[in-house]
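Here's a quick briefing for anyone opening this structure for the first time. Have a look around before reading on.

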Amino acid sequence: MTKPLHIGIIGAGAIAQFGHIPGFQKLADVHVTALCDTNIERAREVAAKFNIPNVYEDYREVIAHPTIDAVTVGVPNALHATVTQEALATGKHVMCEKPLATTVADGQAMVTAAEQANRILALNMHQRVRGDAQLLRKTISDGALGQVHYMHIRMMRRNGIPGFGSWFTRRELSGGGVLMDIGVHVVDLAMWLLNFPEVVSVRGETRAIHGPRGRGLGGWGVDHVRDGAFEVEDFASLHLRLANGGLITTEVSWAMYGDNENRVQVVGDEGGADIFPELHNQAPMRLFRDEDGIPVDVYPHIPRLAGSDWDRSMASFVEAIRGEGRAPATGAEGLTILKLLDAVYRSSAEGKEIML
Ligand SMILES: NC(=O)c1ccc[n+]([C@@H]2O[C@H](COP(=O)([O-])OP(=O)(O)OC[C@H]3O[C@@H](n4cnc5c(N)ncnc54)[C@H](O)[C@@H]3O)[C@@H](O)[C@H]2O)c1
C-alpha cells in the first residue's frame with residue numbers, strides 16, 4: 001500500500017484554488033491537510049469549500065505541522081524565497097510557484113537549501129505537461145527536425161493585466177511584470193523543449209505601454225484592484241543566442257492591440273514544427289518536412305492527457321516525492337531561467353546584449 005502523503009497549502013489565492021488544491025485532491029492517498037493565508041477569512045472560506053481540516057494565518061504553523069510531508073508556495077513572488085527555505089529547513093518537500101524567486105541570489109539560496117535538506121524543490125511549470133509540448137519535445141529529441149536553429153514562442157494577451165495595484169503590478173512584491181508572470185513560462189518552455197542548451201548571450205526589451213494608462217485589465221487574481229500602482233512592464237521581447245548557433249526569440253504581453261496568441265514555432269535543418277491553436281484550431285500542431293523532395297505537412301494527433309495541466313503538475317510532484325518520477329521542473333532549472341530573465345532586464349536597462 002502507498003504511504004499517505006499530507007500536503008499543506010501556503011497561500012489561498014487563485015493558483016491554490018484552481019491549481020494546487022484540486023490537483024492534489026484528485027490523487028489517491030494524498031490529503032490536503034492544512035491551508036494558510038494572511039487573509040484568514042479567505043483561508044477559512046477556501047478551506048470550507050475544499051474540506052481542508054486545519055486553517056492557519058501564519059505559514060510557520062503549516063511548516064511546523066509534524067504530519068505534513070510537503071507544501072505548496074502560492075504567495076506573491078517576493079515571498080517565495082523565505083517561505084520555501086523555511087519549509088525545506090523543517091524537512092518538507094516544496095512545490096513553489098513560478099518564478100522561483102525575484103532575485104538570482106534568493107533563487108540560489110533556495111536551491112542550496114533544498115540540497116542541504118535533501119528535499120525536493122519543484123516548480124509548477126505546467127506548460128511542460130501540455131500534450132502538444134510533450135509531443136514536440138519528443139519530436140525534437142528524436143531528431144525528426146534535425147539540428148534546431150530557431151525557436152520562436154509568443155504568448156500574447158489582448159487584455160490580461162492582473163489588476164492595477166495588485167501585488168502583480170507592484171515591483172517590490174512581484175519582481176517584474178509580464179516577464180516574471182508569463183515570460184518565465186515561455187523561456188522555461190523554450191529551454192526545456194531544447195533540453196536546456198547553453199545560452200551565450202541575452203538581448204531583451206521590456207516596455208510598459210498599456211498599464212501606465214490604465215488599459216488592458218484582465219481577470220486573474222483574487223486581490224483584484226482597479227486603480228492602484230502599475231510599476232512594471234506589460235510587454236517583453238527577447239533573444240537568446242545559444243552556444244550551438246541556435247536562436248530562441250520570444251515575445252510576451254499582458255495587454256496589447258492584437259489577437260490573443262499562444263504560438264510555438266521550431267525550425268530545424270531537416271524539418272519544422274508549429275503549434276498555433278488560434279489559427280489551426282482543428283489541428284493545432286503541424287510538422288513540416290520534405291519527402292523525396294516534396295514538401296509535406298503533417299498534422300500529428302496530440303495525446304489527450306487526463307486532467308488539467310495543473311493536475312498533472314501536482315501529480316508529478318507527488319510521484320517525485322514517492323521516488324516514482326521526476327519533479328515537473330526543478331529548483332535548479334528555475335534558477336537557470338531566473339538568470340536569463342535577470343539578463344533580459346539588465347539588457348533592456350543598459351540597451352545592450354548581455355554576455356553570460
Ligand atoms: N503556474 C501557474 O500557472 C500560475 C498561475 C498564476 C499564478 N502563479 C503564481 O502563484 C503565486 C500566487 O499567485 P496567485 O495568482 O494565486 O495570487 P493571488 O493574489 O490570487 O493569491 C496570493 C495569496 O497569497 C496570500 N498571501 C500573501 N502573503 C502571504 C503570506 N505571507 N502567507 C500566506 N499567504 C499570503 C494572499 O492573501 C493571497 O490570498 C505567484 O507566485 C504567481 O506567479 C502561477
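This is a predicted model: local features need pLDDT of at least 70, side-chain atom pairs count only at pLDDT 80 or more; totals for chains, interfaces and linings use all residues.

Residues are numbered from 1 along each chain as its sequence is written, and side-chain values use heavy atoms, with hydrogens and water left out.

**The two domains**
- The protein splits into domain 1 (5–126 + 309–329) and domain 2 (128–307 + 338–355), with bounds taken from an automatic or database domain assignment.

**Where they meet**
- On the domain 1 side, 29 residues are in contact with 24 residues of domain 2 (contact means heavy atoms within 4.5 Å).
- About 2,200 Å² is buried between the two domains, and carbon and sulfur atoms give 64% of it; buried area is the accessible area (1.4 Å probe) that two parts lose on being put together, summed over both.
- Within domain 1, Val 104, Met 125 and Arg 312 lose the most area to domain 2, together 27% of what that side buries.
- The rule finds 1 salt bridge across this interface (a side-chain nitrogen of Lys or Arg within 4 Å of a carboxyl oxygen of Asp or Glu).

**The ligand**
- There are 24 residues around the ligand, and Asp 37, Arg 42, Asn 77, His 126 and Trp 220 come nearest; a residue is near if one of its heavy atoms lies within 4 Å.
- Both domains take part: the shell draws at least three residues from each of domain 1 and domain 2.
- Trp 310 brings a polar side-chain atom to 3.0 Å from an oxygen of the ligand.
- Taken alone, the ligand exposes 850 Å², and the protein buries 92% of that (areas by the Shrake-Rupley method with a 1.4 Å probe).

Technical notes:
A polar contact is a pair of N or O atoms within 3.5 Å; within protein, one must be able to donate a hydrogen and the other to accept it, and residues adjacent in sequence count only if both atoms are side-chain atoms.
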